[in-house]
Amino acid sequence: MGNKTTWIEEEIAGLKESGLYNTIRTIESPMDAWVTIDGRRLLNFCANNYLGLANHPRLREAAKRAVDEYGVGPGAVRSIAGTQTLHVQLEKRLAQFKKAEACITFQSGFNANLATIPALVGRGDVIFSDELNHASIIDGSRLSRAEIVRYNHNDVADLQRKIVETTEYGRRLIVSDGVFSMDGDIAPLDKIVEVAEEHDILLMVDDAHGEGVLGEGGRGIVDHFGLHGRVEVEVGTMSKAFGVMGGMVAGKQVIVEWLRQRGRPFLFSSAMTVPDTAACLEAVNVLEESTELVEKLWSNAAVFREGMQNLGFNTGYSQTPIVPVMLGQAPLAQKFSRRLFEEGVFAMAIGYPTVPQDKARIRVMNSAAHSANDLEMALDTFERVGRELGVIL
Ligand SMILES: *Cc1c(COP(=O)(O)O)cnc(C)c1O
């Protein structure tokens, strides 16, 4: 067989040695406030299931009904024979929900970025990109072959400076995450819009963690800042708060039309499945009918964040239901997460290289699915483990 893969074995051994090997837990139950792992029930703070829609009875029913009517698979890419009534309905409803001119859906948020960035810029063009942007923005940017100019995180003055300093360019694009997934902070989109308008640069925001979370009833970051019509591209995902799977771009009609012609994951990868699409449509219905889940999410997050701060924990820059519990070194964060797990709370440690070397943390994902009792149990458990490990007094 030779030794063509020896280097991979060595790399994997290295990951294990340095504690960076990714051990993947298997969930044996539906994704919800509580999950079953290794036969044990655990209180879940790891999922992006912000609104508890991943196992919502209405979404489950909608998916089942659609399967009975339309089957399971789309059978083709959208542009050949994969566009079904459900896809058209979903795009129309999403555009209305988000008060955008138009909307196009993709198989995932990752694919939405891979489709959009290379369709908008190419060789000789330039992308101004927040240094903490998501991997799918980075990959989409690289695929485009445009020059990537990184600006300091959420630093509008630095963005402005980089724009002025960059004099060789064809077309230009500014791109930022809406909510940053590791710190739970929000991009200053109101200020970024002004810079984009001043310099006449196309603006794209990836609102994956803000979709269903920010704005009135979860309408997203553009709605949160009241910037309707001023942000050309708002990427979103239906894999997080929507509880399903899928990506979208809402924004200017001409860009959506262009993506149907030039978005490669749209043209060369099959459409969203029938049950996914139907469940996403039902998620829009749920969100349009009531803001209750979104309000519950935010009040749960506030209870948790304030509870943790009162206990003496450092919750970093969190402005959203993502609450990092800052611990410092990675081994401490790993140990903290392991102890929480033993005590019945599932919350993930995040360390280098996902976050800087001395900024390891437990990342807590709050959800409307949690009850008041759940939050109390979580705070009690964090308090106990925090004292045991000397993080709080
Ligand atoms: C999660 C995430 C994505 C990927 O979304 P999927 O639908 O899971 O592919 C893209 N961008 C950002 C900013 C994200 O946080």
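**View 1. Arginine 260 pairs with glutamate 91 across the chain.** Arginine 260 is partly exposed, at a relative accessible area of 28%; partly exposed lies between buried (under 20% relative accessible area) and exposed (over 50%), with a 1.4 Å probe and protein chains only. Arginine 260 forms a salt bridge with glutamate 91, their closest N and O atoms being 3.3 Å apart. A salt bridge here is a side-chain nitrogen of Lys or Arg within 4 Å of a carboxyl oxygen of Asp or Glu. The pair links distant parts of the chain: glutamate 91 sits in helix H4 (residues 85-97) and arginine 260 in helix H10 (residues 253-262), 169 residues apart. Glutamate 91 counts as buried, at 6% relative accessibility. Helices (H or I, at least four residues) and strands (E, at least two) are DSSP runs, numbered from the N terminus.

This is a predicted model: local features need pLDDT of at least 70, side-chain atom pairs count only at pLDDT 80 or more, and totals for chains, interfaces and linings use all residues. Residues are numbered from 1 along each chain as its sequence is written, and side-chain values use heavy atoms, with hydrogens and water left out.

**View 2. Aspartate 125 and arginine 171 join two loops.** Their closest N and O atoms are 3.8 Å apart in a salt bridge. Aspartate 125 lies in the loop between H5 and strand E4 (126-130); arginine 171 lies in the loop between helix H7 (156-165) and strand E6 (172-177), and 46 residues separate the two. Aspartate 125 is buried, at 8% relative accessible area, whereas arginine 171 is exposed, at 54%. Elsewhere, salt bridges that share partners join Arg339, Glu342, Glu343, Arg384 and Glu388 into one network. The structure holds 21 salt bridges.

View 3. Lysine 64 is partly exposed, at 45% relative accessible area. Glutamate 61 is also partly exposed, at 39%.

**View 4. Helix H5 is mostly covered**. Of its 12 residues, 10 are buried, among them Asn111, Leu114, Ile117 and Leu120. At the start of H5, a side-chain oxygen of serine 108 comes within 3.4 Å of the backbone nitrogen of phenylalanine 110. This is a polar contact (a pair of N or O atoms within 3.5 Å, one able to donate a hydrogen and the other to accept it; residues adjacent in sequence count only if both atoms are side-chain atoms).

**View 5. Three strands form an open antiparallel sheet in the order E10-E13-E12**. Strands E10 (322-328) and E12 (348-350) stand at the edges, each with a single partner strand, so one side of each lacks a neighbour in the sheet. The twist averages 30 degrees from one strand to the next. E10 and E13 (residues 360-365) pair over six bridges; pairing requires at least two DSSP bridges. Valine 323 has valine 364 in E13 as its bridge partner.

**View 6. Arginine 40 lies in strand E2 (residues 40-44)**. Arginine 40 is partly exposed, at 31% relative accessible area. Leaving aside neighbours within four places in sequence, its contacts (heavy atoms within 4.5 Å) are Val35, Phe341, Glu342, Glu343 and Gly344. A polar atom of the arginine 40 side chain lies 3.2 Å from the backbone oxygen of glutamate 342.

Conventions:
Axes fitted to C-alpha atoms, helices over the stretch in contact; angles between N-to-C directions.
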